[in-house]
Amino acid sequence: MKNAIEVENLTKYYGNLLAVDHINFGVRQREVFGFLGPNGAGKTTTQRMLTTLLEPTEGRIVINGHDLAHEAYPVKRKMGLVPEESNVYTELTAWDNLMFTARLYRVSHRERTERARDLLEAFGLWEKRDVKVEDFSKGMRRRLSIAMAIIHKPTLLFLDEPTPGLDAQSARAIRDLIRQMNAEGTTIFLTTHQIEEANQLCDRVAIINHGQIAAIDTPERLKRAFQRVQSVEVALEPGGNAHGQALAALPGVTTKIKMGDKWRLYTEDPSALLPRVMDYARSKDVRVISLSTLGPSLEDVFLEVTGQQVGTVRHEAREGGSQGQGRKARRGGQR
Amino acid sequence: MREGRRMVRLRDEIAQAWTVAVKDVKVYYLTPPMIMFGLILPFFLFFSFSIKRDIGVEVGLARLLALTTFFTASSAGPVIIPLERRMGTYDRLLAAPMSLITLLLGKTLVGTFFAAAVSTVPLCVGVLVLQAAVADFGTLLAGVVLASLAFSAFGLIFASIPTRSVGSIMMPSTLVRWPLMFISGIFVPLKEMAPWARALAYLSPLTYAQDLMNHAVLGVGTLNLWLDLALLSLLLVIFLIPAAWLHRRSRVLGY
C-alpha cells in the first residue's frame, strides 16, 4: 500500500533563511505520525507546505498518490487541518462555523446537519451551538476548531500543537479523539513539542532540528537507541537538596537534575551507579527514601537529538514558561 | 465522463465562492475598518468637495454613486484579507478544496455586496427625499453591479500585499485611490478637461464608472454607454489576473 504522505527533498527558504533543508520522509497509511522539534526547527513550515498553505522552494510532496504541486484538489477534499491557533470565526455561532466549513467542503445539507449535531454533542458544545464563538473559552474554541477540521470526514488529519494551553479534561478529550479517528482509519500527522503526548499517541515520530530530520522511528526504538541517557533517581533524607554536588561527582554521572525532592543522575551504566549512590548515603549517614533506575524517555531522546544538554531545557521551562524559547528567538520564530 | 466531472467541479467552485462571500458579509459588515473606509469615507469625500457648490441633485447623486462603489468595493479586500490572515482564518480558506481564483471571486462578491448596499443609501435619500430623477434604473443597477465587481477586484490587488495589518495595506491603497478620484471626471467633468487631462482620465477605471452613472442618472454621458459597460467588465478580468498572481506570490512568502 502506498504511503499516505511521501516527502522528497523538501526545502523552504524565506529569503536567505533556510527553514527546511532537503528533508525526506514518509507517513504510512492509518499511522499516527508525530513531528517533533524545538520552536523554529521547521515543524510548522513543513506542515504548511504539506497542507498547501505554503509553496516549497524545492522538493516534492505526494499525498495519497497525488503530487501536491499539480493535483492539490483531490488531496484537499480528503484533508483536515487543525492549526496551532484556533482559527474560528468569532463573530459567528458554533453552528454557523460548522455549516460554513461543511459548505466549503461541499458536504450535503442532510449530512452536514447530522454531522454537525454529532460533533457538537461529542465535544460538549451542543448547548452552546447558537452562542457566538467570541464568548467561548480557549478550550471550547479548540474543540470547535477540531470539529470544523473533521466535519467532512478527512482521511488525513493534520494537527499543529492541538493541546497546549488547554485544561487536562479538554486535552484528554482531544487525545481520545485522535486515537478514535486513527482507529477508524484516519492518518494523523501530529506536529507538537509536547513530547509525552507524542510518546502516548504516535506510532512513529520524526524529530526535526535546524530544518533537518534528525531522527525518525518508533518512540520505543528511539529510546533504545539512546541508552546513554539512562538515569538513576534518588531521594535522600535529611537535607536531600544539599547532596546535589556530591552526587554529581560520583563516577559515571554525566548530568544531574533536581526533580522536586529527588535528584536524577544521568549515566550510561545505571547498574554501576546504584551501589555508589548507596555507598555515598551510608558514608554521609543519610537515609535513602527512594532509589530507582529509569530508561531514556522520549524527552531525553529529543534533547539528545536536538543537541540540547539534558536538563537545560527543563530549567528553561520552569523559568521561561515554555520549552526552547531561546531557540525561537535565535531562529526568528515560526512562520 | 470527464466533462461531467468538470461541470460538477465548476458548480462546486461557484457554490464555494458564494459561501465565502456570504460568510464575509455576515462576519465583516460591522467591523470598524469596513465602516471607516467603506461607509464613512466616500460620503466624507463627497461632501468635502461638493458642499456649497452649485450642482444639481442628479449630478450630486451620480457623483456619490460613483464614489461609493469605488471606495466601498475597493476597501473590502484590503480590510478583510489582512484581518483573516491575522486571525488564521485565511488559512482555512486556502486549505479548502477550491482554486485561488474561486476564493478571490468570493472576495470580489463581498465587495460588490457591500458597495451595492452602501449605494442604496444615497440613492434612496436622493430619490425619495430630494426628489432626484433617475433616467434609467436598469442602467443604474448594471452600473452599480459592474463597477462594484471591477473595483472590488481592484482592491484585491492591494490585499495581496503580504501583511497581517490592515493599515499596511490601506496606506498604499489610499495613495493610489485618492489621486484617481481627482482625474476621473468626478469633480471636473470629462468634457471640461484639457486634452492631456482627459487622456489621463481614460487610464482611470473610475472614469468609466462615473460616466456610466451619468448615463444612468442624468441620461447622458461623455462616452458611449456600451463602451463603459464593456470596459468595466473587462477591468474585472484585468484586475483579477494580477490579483491572483500576487496572492500566489504571497503564498510563496508564507502569507
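1. A word on the basis. This is a predicted model, in which local features need pLDDT of at least 70 and side-chain atom pairs count only at pLDDT 80 or more, while totals for chains, interfaces and linings use all residues. Residues are numbered from 1 along each chain as its sequence is written, with chains lettered from A and ligands numbered from 1 in the order in which they are written.

2. Start with the sheet of chain A. Its 6 strands form an open, mixed sheet in the order E6-E7-E8-E3-E9-E10. Strands E6 (79-82) and E10 (212-217) each have a single partner strand, so one side of each has no neighbour in the sheet. Here strands (E, at least two residues) and helices (H or I, at least four) are DSSP runs, numbered from the N terminus, and two strands pair if DSSP finds at least two bridges between them.

3. Within that sheet, E3 (residues 32-36) and E9 (residues 204-209) of chain A pair in the parallel sense over 4 bridges. A:Ile207 in E9(A) is the bridge partner of A:Leu36. Helix H5 (residues 138-150) of chain A packs on the sheet, where it touches E6 and strand E7 (156-160); contact means C-beta atoms, placed from the backbone, within 7 Å.

4. Next, look at helix H3 (residues 94-104) of chain A, where 9 of the 11 residues are buried. Buried means 20 or more other C-beta atoms within 10 Å of the residue's own, exposed means 12 or fewer, and partly exposed lies in between, with C-beta atoms placed from the backbone. Among the buried residues are A:Leu98, A:Met99 and A:Phe100. The cover includes helix H4 (109-122) and H5 of chain A, together with helix H1 (2-28) of chain B. Just after H3(A), A:Arg106 has a positive phi of about 55 degrees.

5. In chain B, helices H3 (residues 57-87) and H5 (residues 100-129) pack at about 155 degrees with axes 8 Å apart. H3(B) is therefore roughly antiparallel to H5(B), a label for angles over 145 degrees. Axes are lines fitted to C-alpha atoms, for helices over the stretch in contact, and angles run from 0 to 180 degrees between N-to-C directions.

6. Finally, visit B:Arg164, in the loop between helix H6 (137-159) and helix H7 (166-183) of chain B. This residue is partly exposed, because 16 other C-beta atoms lie within 10 Å. Leaving aside neighbours within four places in sequence, B:Arg164 is in contact with B:Pro82, B:Arg85 and B:Arg86.

Methods. Two residues are in contact if their C-beta atoms, placed from the backbone, lie within 7 Å. Angles under 35 degrees count as roughly parallel, over 145 as roughly antiparallel, 65 to 115 as roughly perpendicular and the rest as oblique.
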